[in-house]
Amino acid sequence: MGHVDADWNEQELVEKAQRALTALSLGDDAEALVEVAPTAVEPQARADETKALMLLLFGECSAMVSTLGDGGSAPVKVQVFDEDGEEVSIDQADPPVRTAVRTLLAEVHGNTEAAQEQVEIALANAAPDEVDSLVLQALRWTIRLSVECLDRDLPVAPWISEAVSD
C-alpha cells in the first residue's frame, strides 16, 4: 500500500480508480480523493499520474456516453455537480469543471488528443483543490454513466460495475 513508485502501471491506476469509485458511491468524497492521490513524490510524476487517471476515467465515460447514445433513445446530458453533489448549470461551474466538460466532449467525439490537451491545461492551471474537484467530477460522471448503462443492461467495464454495484 505505501510503496512509492513512479512506474505506476495501468492496472494500479484502475485499482485506485476502482477504490475511489467505491468510496464515492458510498458518499465518502474525502476517502475517494485519498484513494486517487498520486503515489509519486516528484511533482511532475504526480501530475502525470493524475493526468493518466483523468484520461482513464474520461475514456471510460466517453465509451459509456457513446453506448448510451446508440442504445438510448434520449441524448446524453452531461451534468455538472458542485461540492455537495448538487447539479449546477455549466455556466456556474468552476473553470476546471468547464474544462472537464470540454475534455469529456472531445473524448466522446473521438478526439483523444484534444482531450489530453484539455486535461493538461486543466491540471496546469488548477489550484490543488480544483484538481480535487476535477477528479471528483470525473468519478461522479463515471458512477452516473455506469449506473445508467447498468440500468439499461448496456456494457460497462467490469472494474467499474464491480465498484458501483456493491
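Modeller: A residue is called buried when its relative accessible area is under 20%, exposed when that area is over 50%, and partly exposed in between. Please bear in mind that this is a predicted model.

Biologist: Is Thr103 buried or exposed?

Modeller: Thr103 lies in helix H4, which spans residues 95-108. Its relative accessible area is 1%, and buried means under 20%. Thr103 is therefore buried.

Biologist: Which residues does Thr103 touch, not counting those up to four places away in sequence?

Modeller: A contact requires heavy atoms within 4.5 Å. With residues up to four places away in sequence not counted, Thr103 touches Phe58, Ala115, Gln118 and Val119.

Biologist: Does Gln118 count as buried or exposed?

Modeller: The relative accessibility of Gln118 is 19%. The cut-off for burial is under 20%, so Gln118 counts as buried.

Biologist: Which residues are in contact with Ala100, leaving aside its neighbours within four places in sequence?

Modeller: Ala100 is found in helix H4 and is buried, with a relative accessible area of 1%. Its C-alpha atom is 7.6 Å from that of Ala122, a residue 22 places away in sequence. Leaving aside neighbours within four places in sequence, the contacts of Ala100 are Phe58, Leu134 and Trp141.

Biologist: What is the geometry of the rings of Phe58 and Trp141: stacked, edge-to-face or tilted?

Modeller: The count of aromatic pairs comes to 1. The ring centres of Phe58 and Trp141 are 6.0 Å apart, and their planes stand at 50 degrees. Planes under 30 degrees apart would count as stacked and those over 60 as edge-to-face, so this pair is tilted.

Biologist: How many residues apart in sequence are the parts that this pair ties together?

Modeller: Phe58 belongs to helix H3, residues 43-71, and Trp141 to helix H6. Phe58 is buried at a relative accessible area of 0%, and Trp141 is buried at 4%. Because the two residues lie in these two helices, the pair ties together parts whose separation in sequence is 83 residues.

Biologist: How are H1 and H6 oriented?

Modeller: Two packed helices are described by the angle between their axes and the distance between the axes. The axes of H1 (residues 10-25) and H6 (residues 128-151) come within 10 Å and cross at roughly 75 degrees. An angle of 65 to 115 degrees counts as roughly perpendicular, so H1 is roughly perpendicular to H6.

Biologist: How do the residues of the contact of H1 with H6 divide into nonpolar, polar and charged?

Modeller: H1 contributes Ala17, Ala20, Leu21, Leu24 and Ser25, and H6 contributes Leu136, Leu139, Arg140, Thr142 and Ile143. These residues divide into 7 nonpolar, 2 polar and 1 charged.

Biologist: What arc do the buried residues of helix H2 cover around the axis?

Modeller: In H2 (residues 29-36), the buried residues are Ala32, Leu33, Glu35 and Val36. They lie on the same side of H2 because of the arc they cover. Ala30 and Val34, on the other side of H2, are exposed.

Biologist: What is the phi of Asp153?

Modeller: Asp153 lies in the loop between H6 and helix H7 (158-164). The residue is exposed, with a relative accessible area of 71%. Although Asp153 is not a glycine, its phi is positive, at about 55 degrees.

Biologist: In what order do the elements of the protein chain run from the N terminus on?

Modeller: The protein chain has 7 helices and 2 strands. Buried residues make up 45% of its 166 residues. From the N terminus on, the order of the elements is α-α-α-β-β-α-α-α-α.

Note on methods:
Residues are numbered from 1 along each chain as its sequence is written. This is a predicted model: local features need pLDDT of at least 70, side-chain atom pairs count only at pLDDT 80 or more; totals for chains, interfaces and linings use all residues. Side-chain values use heavy atoms; hydrogens and water are left out. Axes are lines fitted to C-alpha atoms, for helices over the stretch in contact, and angles run from 0 to 180 degrees between N-to-C directions. Helices (H or I, at least four residues) and strands (E, at least two) are DSSP runs, numbered from the N terminus. Angles under 35 degrees count as roughly parallel, over 145 as roughly antiparallel, 65 to 115 as roughly perpendicular and the rest as oblique. Ala, Val, Leu, Ile, Met, Phe, Trp, Tyr, Cys and Pro count as nonpolar, Asp, Glu, Lys and Arg as charged, and the others, Gly among them, as polar. Rings of Phe, Tyr and Trp (its six-membered ring) pair if their centres lie within 6.5 Å; planes under 30 degrees apart count as stacked, over 60 as edge-to-face and the rest as tilted. Buried means under 20% relative accessible area, exposed over 50%, partly exposed in between (1.4 Å probe, protein chains only). The arc is that of the directions from the helix axis to the C-beta atoms.
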